[in-house]
Amino acid sequence: MSNQVTVYSTNTCPYCTMMKNFLEQNHVPYTEVNVQRDPVAANRLVQATGQMGVPQTNVNGQWVLGFDPNRVAELLNK
C-alpha cells in the first residue's frame, strides 16, 4: 500500500521546509499545498483541523500539526 502524504505550507515557514526535507530525505512522495497562495485550500484546512498553523501534514488520513518527524514516521509505518 502506498502512503498518501500532503503537506500544507506557506512560503515563509521554516518548519514547513524542515518537514518537506524530512520527507524527501526518507524518499516519501508527497503533495504540497501552499495555503499562502491558495486561500480556498487554507479555508478547507482550518475547517478540517480547526488549526491555522503550518505545517500541517496529512498522512493516510491522520493529521500531524507542526514539524513532528517521529509522528509522521509512526503513521507511515502503519
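**View 1. Strands S1 and S3 pair in this predicted model.** The two strands run antiparallel. Four bridges join S1 to S3. Thr6 stands opposite Asn58 in S3. S3 spans residues 56-59, while S1 covers 5-9.

**View 2. S3 also pairs with S4, and the two form a hairpin.** The pairing is antiparallel, over four bridges. Asn58 stands opposite Trp63 in S4. Two residues lie between S3 and S4. Asn60 sits in that turn, with a positive phi of about 50 degrees. Asn60 is a residue other than glycine.

**View 3. The side chains of S3 point two ways.** Gln56 and Asn58 point one way from the strand. Thr57 and Val59 point the other way. All four residues are buried.

**View 4. Helix H3 lines up its buried residues on one face.** H3 runs over residues 69-76, and Val72, Leu75 and Leu76 are buried in this helix. Seen down the axis of H3, the buried residues fall within an arc of 100 degrees, so they line one face of the helix. An α-helix has 3.6 residues a turn, so residues three or four places apart point the same way. The buried residues of H3 pack against S1, H1, S3 and S4.

**View 5. A cis peptide bond joins Val54 and Pro55.** Pro55 is in the loop between helix H2 (39-49) and strand S3.

**View 6. Asn34 is buried in strand S2.** S2 spans residues 31-34. Asn34 counts as buried because its relative accessibility is 11%, and the limit for buried is under 20%. The Asn34 side chain reaches the backbone nitrogen of Gln36 at 2.9 Å. Leaving aside neighbours within four places in sequence, Asn34 is in contact with Ser9, Thr10 and Asn11.

**View 7. His27 has a positive phi in a loop.** The phi value is near 55 degrees, in a residue other than glycine. His27 lies in the loop between helix H1 (14-25) and S2. His27 is exposed because its relative accessible area is 71%, and exposed means over 50%.

Technical notes
Residues numbered from 1 in each chain as written. Predicted model: local features only at pLDDT ≥ 70, side-chain atom pairs only at ≥ 80, totals over all residues. Heavy atoms only, no water. Buried < 20%, exposed > 50% of the residue type's maximum accessible area, 1.4 Å probe, protein only. Polar contact = N/O pair within 3.5 Å; in protein donor to acceptor, adjacent residues only side chain to side chain. Contact = heavy atoms within 4.5 Å. Arc of directions from axis to C-beta. Pairing = 2+ DSSP bridges.
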